[in-house]
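Here are my notes for your first read-through. Keep the viewer open and check each point as you go.

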Amino acid sequence: MIYLDYQATTPLAPEAREAMLAWLGGPDSDGGFANPAAPYRIGRAASVAVEMARDEVAALLPKGGRVIFTSGATEAINWALRSAAKLKPGGVTASAIEHAAVLQCVEAMAGALVPVSSDGIAVVPDAFPENGIAALMLVNNEIGTIQPVTQWVERVHAAGGLLLCDAVQGFGRIAIPEGPDLIAVTAHKIHGPKGIGALWIRDGIDLPPMMLGGAQEMGMRAGTVSPALVAGFGAAARVARERMAADAAHAERLWAIAQAEMAGWNINGSMQARWHGNLNLRLEGVNATRLLSDARGVAFTLGSACGSGSGRSSHVLRAIGLSETEARASIRLGWGRFTSEADLREGLGAIKSAAELQKVPA
Ligand code: PLP
């Protein structure tokens with residue numbers, strides 16, 4: 001199958017897999033199963049592996065903060081928003097195109113949503129509520145647009161608030177802006193394993209923990225840490241840092257090919273302020289759901305993996321002003337490190353042929 005869904009998840013990097021194997025030891029291994037909180041030699045070795053991985057993840061994030069491992073970005077986001085609200089009770093604000101993890105929290109907390117332009121870039125409000133929290137993603141997971149995080153930070157801080165950046169889709173791919181107070185990331189979008197992510201917390205912010213129990217993760221996130229998942233995340237972060245320029249150049253080359261191949265389709269979202277490993281596009285008159293089944297040798301989607309199955313068209317496409325028909329004629333493609341030019345051309349060819357089929361009267 002040709003995999004063109006890099007915004008949903010990415011293939012595990014061989015380096016990450018290798019790093020994980022050392023911590024998936026059985027009874028005959030020299031402690032490859034140890035609990036990193038244990039005081040004896042093999043426990044300490046596991047703890048060292050966790051700390052080395054923490055340094056690798058931190059190297060992709062701003063200085064002056066702590067990386068606390070979580071089960072993924074969804075947990076990091078829930079923790080950040082719900083706990084930050086205890087420190088800053090002035091209300092929560094987020095862009096209308098955030099991931100479901102943010103949107104559902106904002107809804108549960110009776111927060112407010114900020115609209116986006118037809119290019120898919122969040123408006124920068126003149127003012128934010130005093131002493132509140134705001135959430136803005138770095139790169140949108142459906143249309144790839146890069147958001148004005150620095151401008152939001154300035155205004156949120158002017159109102160005495162805190163800003164959470166969901167950096168999941170930009171982490172390891174583009175530089176993370178310096179200003180946010182809390183940053184949520186996950187391993188599986190950078191060729192690491194699923195089930196592990198982190199919340200970066202700026203020094204000086206005393207975020208109340210969400211998970212209560214043991215004293216793991218500096219007393220901020222209870223629960224036994226998985227050295228295998230963490231080591232895989234660390235290795236993936238190291239490779240992402242080393243290959244950042246090469247990966248971006250590769251994505252850029254594939255973007256140029258895709259744009260040429262899909263001439264005649266309309267691109268959803270800004271052409272400039274975007275990550276070039278994503279292309280969300282629509283063709284008038286096409287039924288994208290039918291396209292998915294007709295081009296079944298290609299893995300691509302209609303929007304976010306989390307939204308699929310809900311039967312609703314994408315909230316992101318509706319927020320940029322597309323009609324229901326336009327949203328239902330839109331597809332999301334994503335590529336990256338392990339996508340070859342030949343695979344991309346073949347995948348796009350299959351999608352175009354499936355679209356042609358729809359022109360033939362049934
Ligand atoms: N935020 C964004 C922008 C995402 O794309 C995702 C991934 O689906 C998440 C948050 C959730 O991350 P996780 O799968 O680690 O819970």
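1. In what sense do β9 and strand β10 (residues 278-282) pair, and over how many bridges? The pairing is antiparallel, over 2 bridges. Look for N266, which stands opposite R282 in β10. Keep in mind that this is a predicted model.

2. Now take in the whole sheet. It is open and has 3 strands, in the order β9-β10-β12. The pairing is antiparallel. The edges belong to β9 (266-267) and β12 (330-334). Each of these two has a single partner strand, so one side of each is left without a neighbour in the sheet. As background, strands of a sheet pair through backbone hydrogen bonds, either parallel or antiparallel.

3. Turn to the aromatic rings. A pair of aromatic rings is described by the distance of the centres and the angle of the planes. The structure has 4 aromatic pairs. One of them joins F171 and F233. Their centres are 6.2 Å apart, and the planes are at 70 degrees. That makes the pair edge-to-face, because an angle over 60 degrees counts as such.

4. Where do F171 and F233 sit in the chain? F171 is in the loop between β6 (162-166) and β7 (182-186). F233 belongs to helix α7 (residues 227-242).

5. Next, the ligand. Which residues are closest to the ligand? They are T74, D166, Q169, T186 and K189, out of 13 that surround it. Helix α3 (residues 73-87) gives the largest share of this shell, with 3 residues. By class, the shell holds 4 nonpolar, 7 polar and 2 charged residues.

6. A backbone N or O atom of A73 is 2.8 Å from an oxygen atom of the ligand. For K189, a polar side-chain atom lies 2.9 Å from a ligand oxygen. For H99, a polar side-chain atom lies 3.4 Å from an oxygen atom of the ligand. Taken alone, the ligand exposes 400 Å², and the protein buries 88% of that.

Note on methods. Residues numbered from 1 in each chain as written. Predicted model: local features only at pLDDT ≥ 70, side-chain atom pairs only at ≥ 80, totals over all residues. Heavy atoms only, no water. Phe/Tyr/Trp six-rings, centres within 6.5 Å; stacked < 30°, edge-to-face > 60°. Helix = DSSP H or I, 4+ residues; strand = E, 2+ residues; numbered from the N terminus. Pairing = 2+ DSSP bridges. Near = heavy atom within 4 Å. Polar contact = N/O pair within 3.5 Å; in protein donor to acceptor, adjacent residues only side chain to side chain. Areas by Shrake-Rupley, 256 points an atom, 1.4 Å probe, with all protein chains shown as cover. Nonpolar A, V, L, I, M, F, W, Y, C, P; charged D, E, K, R; others polar.
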